[in-house]
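Subject: Structure handover

Hello,

My notes follow below it.

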Amino acid sequence: MRVAAGPPQDNTMHLLERDGELDALHQLLELSAQGRGRLALVAGEAGVGKTSLVRAFARHARDLADVHIGSCDPLETPQPLGPLLDIASGLSEELNTLLDLGGQRHRVLQTFLASMTQGRLPKIVILEDVHWADEATLDFLRFVGRRVDSVPALVLVTFRDDEVVEQHPLRVVLGDIATSPAVIRIKVASLSLEAVRNLAGNSEIDPSALYRRTAGNPFFVTEVLATGNDGIPETVRDAILARASRLSRSARSVLSAAAVIGPTISPSLLAEVTQADSETVDECLSIGVLAHQRSGFAFRHELGREAILDSIPAHRRVDLHRVVLEALERSGASDDPDGLARLSHHAEGSQNELAVLRYAPAAARRAAALQAHREAVAQYSRALRWARNLDPYEQATLLECYAQECHRIDRLDDAIHAYNEALDIRRRIEDRQGEGRTLSCLASVYSGAGRNSEAELASHEAIQTLETLTPGPELAEAYRVAAHLRMLDRDTANAVAWGRRSIDLARKFDHQPTLIGAQQALGAALLVAGDNVGIKYLQRALDLALEADNDEMAALAYRLLGSGLGEMYEFDQAIPWLEECIRFSSARDNDLHHWYAKAWLALSMVYRGEWSRAAHIANEVIQRPYVSITSLIMALVALGRLRTRRGDPELWPVLDKVLELAQRTDTLQRLAPARAARAEAAWLAGDIESAKRESVANYDLAKAQQHHWFLGELAYWQWKTGVAVDLPDWTAPPFALQIQGDWESAAREWERIGCPYEMARALSESDDEGALRRALGTFSELGAQPMVSIVQRKLRRIGVRNIPRGPRSSTKKHPAGLTPREVEVLNLLSEGLSNAGIADRLFVSLKTVESHVSSVLSKLNVHSRAEAVRHAQEFDSGSPE
Ligand SMILES: Nc1ncnc2c1ncn2[C@@H]1O[C@H](COP(=O)(O)OP(=O)(O)O)[C@@H](O)[C@H]1O
Ligand SMILES: [Mg+2]
């Protein structure tokens, strides 16, 4: 159903002022041919010549590469994966089949990548107009951008950069791939006065005036020149309409029908819709508004189609949509899942309620299957606009489907609103089962939105409602949600109870998603309560998810294993799971789990004493433009602890931010690490009152939820600040031992767990010279300046002489004596960042950056930033710590 797309190419046209761009593209093709693929972002306003450029290049490279062209639709809700469908059949049979089946995103993308390496010639893949791309295509683009450097392919992506404003979905993707060295940006510029003069040739139009009016936009220029000598129209639209007005009446109506049909026009459909003879069609072709393309016709440019479309009176447009819809239906288009988006578009255009309700939900389901959730939302919301007369049961179902898709794309308020509306309907028609199911969904969304008490309420109501009915999968799911909420709140006993019930029921009804989810909730709850049986449940959930090809659930299982074991200080086990989570999710571009696992890896490295690596990873997470709040919290905890332990300045902006974010989530899981980190920092700074306050703040919560480790550390800081703590017997052993004064056993325990800083801190609590010397050695090696000073003082106090000085090893290493932080600043200067940019990246104030910069300049004995950067290159100052 999808005919090869895009505006027609004019093989004969000579391109003006594009030699530089064409050369650049040829160079990229050479690199790509060697297996070092490149992706060029070809940007510029509508009509500036992007299509002309990439197609002229493809023509030049015809004998050097295999060319494949796909385009995005300008429809309000484009067909998901349109460009990939365009090119699939030419690429590989397997890819085509996979796309037909829908779903299996990861396999589709892998198969595409594999097809890039097939055949003798390198590939040129052109993806046109991605400013219109659907969500699945954007996902595809990100996937390709991140991997193209390892395949012999040159991918050319065109888009209108002036339309990609702040909230545009393409922006996120561009941000994600722009940092890759394999991604190059080519800006297509307007033509010069010289070129416009050249195009004007012998025309009577004054080239200077033409240039002024059109600003050198080649489409505008050529459109005016084609219209003739009736003066220069004000706008490009006027130029298009002026040209069309010279057609006969019947040709104009053909043009209208063509505009409604869409960006690509099959001749038979056009004939059926217009009943026009071929001469009339020829008239449109000869004047150049329409042109031939491989499998039919197309407007010379989308701007032309839009102008014509806008000029059709509303009632006439409705008629045309109706005729097109009927013709498409007669041709059997409704049997093709990839035609549904188009049918739904014409159904709404023709204001045909029944047709909208037939095609829009079907198109939505297709979009959701292809992971184009944004388009699924748009299709469902279209259906809802026409659902006034639908029976209430179906209305509620539509609302729920819409809400579910909103949830997927994080439009939580819309999801909540729609679920509530559906809930009202279910109650009105006394559909108790539906009511219970919707309440469960609602509870999940509330929880995601941080509205915890409403989540609890909905979850509770769901169970109450469903327990009065015969048990079914809905009840299993309601129990799962309850288990999950209790787990998040670290309320183990209840999480386990609900989890067990859910698992039993889900097994009975063979409901896999609930079964996997319940095992995750139960496993995570047990794990963070210190019960290693939890690991078994999580591994089981992981296996089931992998078996079911459920990437999202599998990534979540990895994540829960890694972070749960980390929370239990089981770093030997946690780190491999975190690394596996990173590997798995980065292969699938699942950024949410990827960055959360990275944040936890950074924190694990802090405990492990691998501080350079920890800082590097934490900064990587923090500097992401889009990162979830939970990932950010854990990365900031890692960074805050590092700065504390190293004695770096500018620590409180980080720790204040952590607390602010943790309070927003309002869960022990975030609050406890934030409080403990702040208590530690205050204590080291000698601010005992603050340390006390921080360690007491969420202590009761940790106690109520019996979190061994959170409670242990908070109790420890209370003890350090002179509070008499009443220690539960389940307190994590090393902290309990320390508080009981058994520094020796505590140190041994910390050593076994693999936490050198904690071990040295336990040793530092002794009065034994040997233990203190060992502590000093470890702290010095780590670069833990504040603890080095504390232990040195203590040694002096007990009368020890010849105390090692313990300088910071990394300071010594730099030839110019720069501190690690100064090296970091220097590296960012080399990246071309401003002081404000550096402050943002490093999470420090502008003033601090200024003082670092001046210190760098003076240590390097240079007078400007540029000189410093040159020095940096000479020193090759290495990666920041
Ligand atoms: N470098 C050029 N020299 C001459 N004419 C050009 C040039 N680039 C574009 N054109 C003309 O402008 C029209 C619109 O260009 P097109 O490549 O379709 O724009 P875009 O893809 O950027 O919207 C083309 O059909 C062609 O007639
Ligand atoms: Mg174009």
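First, a definition for the accessibility values: buried means under 20% relative accessible area, exposed means over 50%, and partly exposed is in between (1.4 Å probe, protein chains only).

Some ground rules. This is a predicted model, in which local features need pLDDT of at least 70 and side-chain atom pairs count only at pLDDT 80 or more, while totals for chains, interfaces and linings use all residues. Residues are numbered from 1 along each chain as its sequence is written, chains are lettered from A and ligands numbered from 1 in the order in which they are written, and side-chain values use heavy atoms, with hydrogens and water left out.

Overall picture

The protein has 47 helices and 7 strands. These are DSSP runs numbered from the N terminus: helices are H or I with at least four residues, strands are E with at least two. The C-alpha trace spans about 105 × 80 × 50 Å along its principal axes. Of the 881 residues, 58% are buried. Contact means heavy atoms within 4.5 Å. Among contacts with a separation of 6 or more, 64% join residues 24 or more positions apart.

Arg773

Arg773 sits in helix H41 (residues 769–782). Its relative accessible area is 31%, so Arg773 is partly exposed. Beyond its neighbours within four places in sequence, Arg773 contacts Val800, Arg801, Asn802 and Pro804. Ile803 is 30 residues from Arg773 in sequence, with 8.3 Å between the two C-alpha atoms.

Two helix pairs

Two packed helices are described by the angle between their axes and the distance between the axes. Axes are lines fitted to C-alpha atoms, for helices over the stretch in contact, and angles run from 0 to 180 degrees between N-to-C directions. Angles under 35 degrees count as roughly parallel, over 145 as roughly antiparallel, 65 to 115 as roughly perpendicular, and the rest as oblique.

Take H1 (residues 19–33) and H2 (residues 50–60). Their axes are 10 Å apart, at an angle of about 55°. H1 is therefore oblique to H2. On the H1 side, the contact uses Glu21, Leu22, Leu25, His26 and Leu29; on the H2 side, Leu53, Ala56, Phe57 and His60. By class, that contact has 6 nonpolar residues, 2 polar and 1 charged. Here Ala, Val, Leu, Ile, Met, Phe, Trp, Tyr, Cys and Pro count as nonpolar, Asp, Glu, Lys and Arg as charged, and the others, Gly among them, as polar.

Now H18 (residues 353–369) and H19 (residues 373–385). Their axes come within 8 Å and cross at roughly 165°. H18 is therefore roughly antiparallel to H19. Residues in this contact include Val356, Leu357 and Ala360 of H18, and His373, Gln379 and Tyr380 of H19. The contact of H18 with H19 has 11 nonpolar, 2 polar and 3 charged residues.

Backbone points to check

Ala215 is not a glycine, yet has a positive phi of about 55°. Ala215 is in the loop between helix H9 (207–214) and helix H10 (218–227). Asp410 is not a glycine either, and has a positive phi of about 70°. The loop holding Asp410 runs between helix H20 (392–408) and helix H21 (412–428). Asp410 is exposed, with a relative accessible area of 60%.

Best wishes
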